[in-house]
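Good morning, and thank you for joining this group meeting. I would ask you to look at the sequence and the structure as they come up, and then to follow me through them.

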Amino acid sequence: MSTRFWTGSRRDTLAGYLFIAPQLIGSVLFVFVPLGLVFWYSLHEWNVLADTFTFVGGENYQALADDPKLADALVATGFFSAGLVVLNLSLALLLAVLLNQRLRGTVFFRTVFFSPVVVSLVAWTIVWSFLLQDNGGINGLLETVGVDGPNWLRGEGTAMIAVIVVQVVKNVGLNMVLFLAALQGVPANLYEAATVDGASRRRQFLSITVPMISPTILLTSIITVVGSLQVFAQIAVLTQGGPGTSTTVLVYYLYQQAFQFHHFGYGATLSVLLFAIVLLLTLVQWRMRRKWVFHES
Amino acid sequence: MSRKAKTAVYGVLCLLALPFLFPTWWMVTSSLKPVGDIFAFPPTLWPSDVSFDAYAKAFELQPFARQYFNSMYIAALVTVGTLAVSSLAGYAFARIRFKGANAWFVVILVGLLIPSEVTIVPLFKMFDAWGMVDTHWPLILVPILGAPSVLATFIMRQFFLALPGELEEAAKVDGLGRFAIFRLIALPLARPALGAVAIFTFLHSWNLYLEPIVFLSSSEMFTLPQALTQFVDAYGGPMWDIQLSAASLTALPVLVVFVIAQRQFIEGLAHTGLKG
């Protein structure tokens, strides 16, 4: 009897569910339940210090619309993400193209450019914070050539640029490696044919290389954009959101509201906003894939 | 390539390499300088006389050895746990045909879109309700079972999809069950993918900063990234010599392992890893 009940496909179904059970239960417990709770909290006024939790409907969302600091946070986030993505992807591509030449020592340089990826994020940020001090290493080096460097982390204009550069140098190696793998997958005969036809190097890059590696460009840009919205440790160590609010990106503002000012309800509302932005950007990029990604496997 | 072009490429590479090499160099050499020399002008690239005082102080001011151990054992547990969870789920989604597999896969993938910052407030309340705040449980359970392991599952699935099916068929004929096939045949073949997943999982856990500062409050529970930022003077200003020596101790071991095994690191990530 039991041998007939346990047909091959029933066995497979049971096995399948047992195999995915930890991941599935974990996703429900640590992804979907918290996500639901975030929406629920966002409808409440919740002051941890006063221990009050009252239903207020859309009031937090109204507060969101009226919050003058939010506009600053969104501008800072936009500036940071745009700067990071453009700088990161173009530098990653440049490094990958340079290292894709047949040259001695490319393995050495590849190791160098990748190495910050494995350095602990906070350690990396502390060192840069040290270097970027008014009397720190970078200004010291500049002074030896007669340049009086600014106080990078305390200037409205330079703080954000410093944060972006620190983050790009930290992580560009990852995208570089992905680009390098993509470049090595472009068939060499395409370039040979183009050379025979008299196409310049620049022309070959734009008409062969870029279209052929466009799936990787899409993938890295999605990863980098979503990652850029999660920048926290760098801001916390380098600038604490300052000077003023010039580097208070959305995530840092969310952290301040929830864990420094103890406005959990409003913090949850900001989380909903962050989630909406990530979702929207991912969908937009995913749709763009049809337009500018050359081939899909 | 002409000689001239080669020289130009090397020149550009060396120039670009500076911001990648200089910070680590500066971190280590500065941590060995006596306090007074740290901000000396003109800057010295090599400590004039080597002092390990700052290293000793790092261990005096905080339970730094304990914090080091915390980071190590949490990252190790998270890595092993993630390998188990993601290889099981990835294998099932790739190789076992069962009803609802695709739908559940899509449901799980949603986790990729949710930054941990979005769910940190409710997670804090949940772990608070379970009495697990100021313990290491949130830092272990959430990465293994929650959103961070979804990427690992995705990578494992991609790898198992590309595996030829004949071996499994032969094992089935021999009467092996699903788990035995997974354990004895599929898993040993998946070593490159497991290596890539292990590397980025370890680094992810090693780097966590928001989660520790939200969940942990007593210094003997702290992890390294959190501990590093605690070396401050009475006015909250960083004690640079100690921060830099603690940072060196945090960064160097991983860096050394990386330099020794850089080929496996980089090629593992590039070829098995994130190939969409």
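Let me begin with a term: two residues are in contact if their C-beta atoms, placed from the backbone, lie within 7 Å. Among contacts in chain A between residues at least 6 apart in sequence, those joining residues at least 24 apart make up 71%.

A word on conventions. This is a predicted model, in which local features need pLDDT of at least 70 and side-chain atom pairs count only at pLDDT 80 or more, while totals for chains, interfaces and linings use all residues. Residues are numbered from 1 along each chain as its sequence is written, and chains are lettered from A and ligands numbered from 1 in the order in which they are written.

I turn to chain A. It has 14 helices and 2 strands; these are DSSP runs numbered from the N terminus, with helices being H or I of at least four residues and strands E of at least two. The radius of gyration of chain A is 25 Å, well over the 19 Å that the globule rule gives for 297 residues, so chain A is more spread out than a compact globule. Here the radius is taken over C-alpha atoms, and the rule is 2.2 Å times the number of residues to the power 0.38.

The two strands of chain A, residues 44-47 and residues 52-55, run antiparallel and are joined by 4 bridges; strands pair if DSSP finds at least two bridges between them. A:His44 stands opposite A:Phe55. The hairpin has 4 residues between its strands, and A:Asp51 takes a positive phi near 55° there.

Where does helix 5 of chain A have its kink? The kink, of about 30°, lies at A:Val112, shortly before the proline A:Pro116. The bend at a residue is the angle between axes fitted to the seven residues ending there and the seven starting there.

Chain B has 14 helices and 0 strands. Its radius of gyration is 23 Å, well over the 19 Å given by the globule rule for 276 residues, so chain B too is more spread out than a compact globule.

Finally, the two chains meet: 76 residues of chain B are in contact with 75 residues of chain A. On the chain B side, the largest share, 13 residues, comes from helix 1, residues 3-32. By class, that side has 58 nonpolar, 13 polar and 5 charged residues; Ala, Val, Leu, Ile, Met, Phe, Trp, Tyr, Cys and Pro count as nonpolar, Asp, Glu, Lys and Arg as charged, and the others, Gly among them, as polar.
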